[in-house]
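Please open the structure in your viewer and keep the selection panel at hand.

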Amino acid sequence: MSNQPVIRIENLKKSYKNGTEVNEVLKGINLEVSPGQIIGYIGPNGAGKSTTLKIICGLIDSFKGNVEVAGFDIRKDPTEVKRRIGYIPELANLYESVTPMEYFSFISEMRGLELQHALDRAHKLLSLLEIEANANQRIGSFSKGMKQKVLIISALLHNPDILFMDEPLSGLDANSVITVKEIITKMAAEGKTIFYSSHLMDVVEKVSDRIILINHGIIVADGTFSELKGTGNESLEKLFARLTGNDVDHTFEISEAFNN
Amino acid sequence: MNLKASSFLRPLKYVVEKTGANFLQVCHLVDLRLLLDNRKLNPNSSGKNKDPNNTLVRQSLMFVLVGTFLPLMFSKSNDLFLISFSTHIYLMVMVAVTMMSEYSVSLFDTRDNNLIIPLPVNGQTLGWARVLHIMIYLLVISFSLVLPSLVIIGIKFGIASALLMFAASLLNTVFTLFFTIFLYLGLMKLTSGDKLKDVMMYIQIGLVIFIVVGYQLAQRSFVTNNGAEVFMSPSWRFLLIPPAWFSMLTTLWQIHSTVILTGAVIAVVLPLLAMVFIGKKLFYGFENTLVKLSAGDTSNAKGKSEKLQRENTFWFRFNSILLGVSKSELPIFRLMWKLVGRERLFKQSILPMLAYMIVFPLFLVFSKNATGDISERYLTFVYFTVMTSSMIPSVLCIGSNVYTLWIYQTLPNLKPSSVLSNAMKAAFARFFIPVFILMVAPLFYFKGVVALADIATVFLFNYFVAIAILYFQPPYFPFSQSRATSQGGKTVLRMMLIVILALPLGFLHAYLSGKNGWFPLVLSAIFLLVLILIDKKWFPRKISWKLAEDVNKL
């Protein structure tokens, strides 16, 4: 396994214009990720997690700085990057009138996979995530969690080297959370890189071998969980609250709000 | 529109409250809908935010333009009843068709169910809010349509007649709107759930055909043409046709008869009664209707499995070759083939257009006043198909699959133009081509084998127009946009422009055909060349992922 970083981000900046107002979402992210690492990318709402993931995956092409994935510049060789990555978005926007198998068939063909092989793989994953019975039903009839499972499977069909997940566990039942955690761990053992953002601190704490905390568009902490907590005995949740400046007691305000 | 609903809806307060609705809540809900309409970005001009008020003004101007044709048609007539009857019948058709094709979706929009249904709002309030929101737009459209007629009537017959015409037009719009809603809601009492939307779709198509045919027949049956003058003599039998009531109200100042007075009374009373009846009886439980519809949206094929079919029939392969789908694009073409056949909102829009495509021009071909050779007239009729093909690119955007752009963005080696053009090709193949073949078949009977040249030319013209419109419109991804209330007027303008473009080409075609039956193939070659250039060169160059992202962002 090469020790060359599979993800290299240099001074990544991104801002959105709204009339005359400029909202700077990312203010200079620097990051290197080695193969086989499981990165837990955490931060409060609006910190810039999804934007970072979208830029790395080629969904946003106007940004400042450099982003390299698997040795390819996302601006110059987006196709090569997309061949090697899998992406699970935060929102399950899928065509409601197609079935999972029809969708997987389309994705496989577009990725140039051997169709039967890819569909066999899809069946196995459907079975693992306990939705095989729904394989040929229209996605429109699915719950949020079932749609999320379809997204997860479609990102795994081509067995990507790097998997980007934006809140992959949202809406999943407890059994599926365990399965996805097992898939993540197994993929990492095979040398694949997992980069996922989540709000579920207990999962991040247990699965990730490196945690990156982003707040207001900059990285405020980067290391293993034990490195981050230092000599203290804080949970990741407490650590998160402290580093994002939200470790004050809100009991009084909450009580005030409800009394009023 | 930056007006507060409570100010201009105040005249309706009594009627609204009489039906059990909460007027204040109705106003808040209408305000919210108007605010959302205002917040819609205009994606033209590289994603710059434009003032949506301009869109409504532009839309209204287009309808004024369309409305100008009406008084021009009857410029020689001095019969106020005839002029107003034609205007009212036209207004009724336009309001009903616009309501069905563009605003019925707004009436039964279930996307904000999760936000609105949990609030303490009763069915009458919800129903009124939806209807009044639509009514505001329809009244603006109606006023724009009849404005030229109002001016002509004012000049020819006096201010009083013009004012009566104005009032009658408002009442006509309200009546037509509530009549259409009556049909929809009545239907909902009979069926529900998943079936409802399908039934609604086919009823809508049937209604559109009925209205268009009725419009043609009504004019033919009641107009007297004695050679020197065209006129109408209102009698008791006129009371059977709704547009006549409003014409009677318009002519109340001029003609003093019991028939006219009866019609005028009906014109005033019936819209008000319709409002009260629908508000009281049919809006009751409207919130449950929306919940049912929402269930209909998602219960699609629940428990029903569909066998995975990899479309590869002869018809599929034939069309992929005919429409120039490359091997690498086949998976997208295949996906779009499935989607165009399943997306309900899309089918709801395209099927009435196919109905128009056949029904409407037939009146021109087989009209008793038509002149010229039947085969030439039939060729003109076939050229009318361009009205449908020109609409395909815009109706393809309609659907509830928001922000599916990411699916394509994450796939390697794919251009956004490929998705858009293959969706258009799939729609063309599954809907337009079968009807087109049916329509052009008689040309062989009229002209023999040489008809092939005509058919190829007209087909390539249709395809060229569709590809060209796709090139010029914002790159909305297939089935991703709601039928925005601000888009209405563009449709009419586009149809007019297409007719203007088609006319000289049609004449050129006829001229070439007159010289030699095969000569139109020269035109075919030109169309083919240009459309290949657009489809394979210019379009992929024009549409970047950045532009697609800007236009399709949530």
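How many residues does the contact take from chain A, and how many from chain B? The contact takes 29 residues from chain A and 31 residues from chain B, where two residues are in contact if their C-beta atoms, placed from the backbone, lie within 7 Å. The model is predicted, with local features requiring pLDDT of at least 70 and side-chain atom pairs counting only at pLDDT 80 or more, whereas totals for chains, interfaces and linings use all residues. Residues are numbered from 1 along each chain as its sequence is written, and chains are lettered from A and ligands numbered from 1 in the order in which they are written.

**The side of chain A that touches chain B**

Select α2 (78-84) and α3 (100-110) of chain A, the elements that give two or more residues to this side; helices are DSSP runs of H or I with at least four residues, strands are runs of E with at least two, and both are numbered from the N terminus. The largest share, six residues, comes from α3(A). Coloured by class, this side of chain A shows ten nonpolar, eleven polar and eight charged residues. Here Ala, Val, Leu, Ile, Met, Phe, Trp, Tyr, Cys and Pro count as nonpolar, Asp, Glu, Lys and Arg as charged, and the others, Gly among them, as polar.

**From α3(A) to α4(A)**

Residues to display include Met101(A) and Phe104(A) of α3(A), and Leu119(A) and Leu126(A) of α4(A). By class, this contact has eight nonpolar, two polar and one charged residues.

**The nonpolar cores**

Next, select Val69(A), Phe164(A) and Ala427(B), the residues with the most contacts inside the largest nonpolar core, which has 146 residues. Such a core is a set of buried Ala, Val, Leu, Ile, Met, Phe, Trp, Tyr and Cys residues joined through C-beta atoms within 7 Å; buried denotes 20 or more other C-beta atoms within 10 Å of a residue's own. Helix α21 (residues 416-447) of chain B gives the most to this core, with 15 residues. Centre on Phe164(A), which touches Leu53(A), Ile85(A) and Phe195(A), among others.

How values were computed:
A residue is buried if 20 or more other C-beta atoms lie within 10 Å of its own, exposed if 12 or fewer, and partly exposed in between; C-beta atoms are placed from the backbone. Lists of a residue's contacts leave out its neighbours within four places in sequence.
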